[in-house]
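Trainee: Could you walk me through how to read salt bridges, burial and surface patches in a model like this one?

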Amino acid sequence: MRTTGPRRRAPRALAGAGTAAVVLVGALGGCSAEDSGPGGERGAQAAARLVPRWNTAPSSIAAVGDSITRGFDACSVLADCPEASWATGNDPEVQSLASRLLGAAQAPAASWNYAVTGARMADLPGQLTAAAQHRPDLVTVMVGSNDACRPTASSMTPVADFRAGFEQAMAGLRTASPKSQVYVSSVPDLQRLWAQGKDSPVGRQIWKLGICQSMLADAESVSAGATARREQVRARVVAYNEVLREVCAKDRLCRYDGGAVFQYPFTTEQLSRWDWFHPGKNGQARLAELAHRQVTSATPPPQPAGPESER
């Protein structure tokens, strides 16, 4: 998040044809498709087989996104620390998603980190193309913070562009690696980050160096203009998360986190002491916990009904 610096779904026609056949057989036999007769049961079973099951124990992982997934400022100042990445790192203090799923010994050979510090949604198609060459069982996506963290609120990525970038990225992945599952993290609540760090003299001084000025500029100001600007940035993050949810919902092998990262009540304990912005090791560990819980669940997390549910 350093600011300086569709496989397409199985054709609906196929599923529709199966459903139509069941209805036709039921009608000819004097029963409806909802009856529990052999024909109805067979049709339901056939339809169920068309929907791929979520694999709760993937054996390989590729990560894409921005500086959060690179572990920026988690180990040392102004430097990537991929070993502390929530997704693919090997730091025992973090216990990354890869370590939890694959085991510490196997994770290095079966996990890849293509995230780039400073990346925005426009960079995601290229990252997913690179990740797809491994045909990973699971791809983790965490991107969007840099689209909201701009020098000014007016320079944030438009929502339409954000959507187009994610749709392009998912379409490219499905072409190159149709069977890869995708876990999509929501964008963190940047306004909460401001609220947690605004009372720290050290944090405020560091933020003045140019970190996420759309949200963090004039951190002490509670003027109407500063408050409106922060609300504008938060609203944009909420809109980005709605895009992530909607696009992911169209792909049967994609699981959105339901706003878990956005809603997580993080404190300064989870922030890097070098910039009071990126997750430190504690924060990276919490992200790994959230991801592991959702990736290994037999059912997806409850999904928000719309943007207002993340307010």
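**Salt bridges and a surface patch**

Mentor: Happy to! Let's start with R245 and E242, which form a salt bridge whose closest N and O atoms are 2.6 Å apart. The term stands for a side-chain nitrogen of Lys or Arg within 4 Å of a carboxyl oxygen of Asp or Glu. Keep in mind that this is a predicted model, where local features need pLDDT of at least 70, side-chain atom pairs count only at pLDDT 80 or more, and totals for chains, interfaces and linings use all residues. Residues are numbered from 1 along each chain as its sequence is written, and side-chain values use heavy atoms, with hydrogens and water left out.

Trainee: How are R245 and E242 separated along helix α11?

Mentor: R245 and E242 are three residues apart in helix α11, so about one helical turn separates them. Helices here are DSSP runs (H or I, at least four residues), strands are too (E, at least two), and both are numbered from the N terminus.

Trainee: Is R245 buried or exposed?

Mentor: Buried means under 20% relative accessible area, exposed over 50%, and partly exposed in between (1.4 Å probe, protein chains only). R245 has 17%, so R245 is buried; E242, at 10%, counts as buried as well.

Trainee: How many salt bridges does a search of the whole structure find?

Mentor: The search finds ten. One of them joins R174 and D251, with the closest N and O atoms 2.6 Å apart. R174 sits in helix α7 (residues 159-176) and D251 in the loop between α11 (224-249) and β5 (254-256), so this pair ties together parts 77 residues apart in sequence. R174 is buried at 2% relative accessible area, and D251 is buried at 6%.

Trainee: Which residue forms a salt bridge with R234?

Mentor: That is D189, with the closest N and O atoms 3.2 Å apart. This pair links distant parts of the chain, since R234 is in helix α11 and D189 in the loop between β4 (181-184) and α8 (190-197), 45 residues apart. R234 is buried at 15%, and D189 counts as buried at 9%.

Trainee: And which residues form a nonpolar patch on the surface?

Mentor: Patches take residues with over 30% relative accessible area and no salt bridge, joining like charges within 9 Å and nonpolar side chains (Val, Leu, Ile, Met, Phe, Trp, Tyr) within 5 Å. Here V77, L78 and W274 form one, with about 300 Å² of accessible area together. Accessible areas come from the Shrake-Rupley method with a 1.4 Å probe, and for residues only the protein chains shown count as cover. W274 lies in the loop between α12 (260-263) and α13 (281-295), and at 39% relative accessibility W274 counts as partly exposed.
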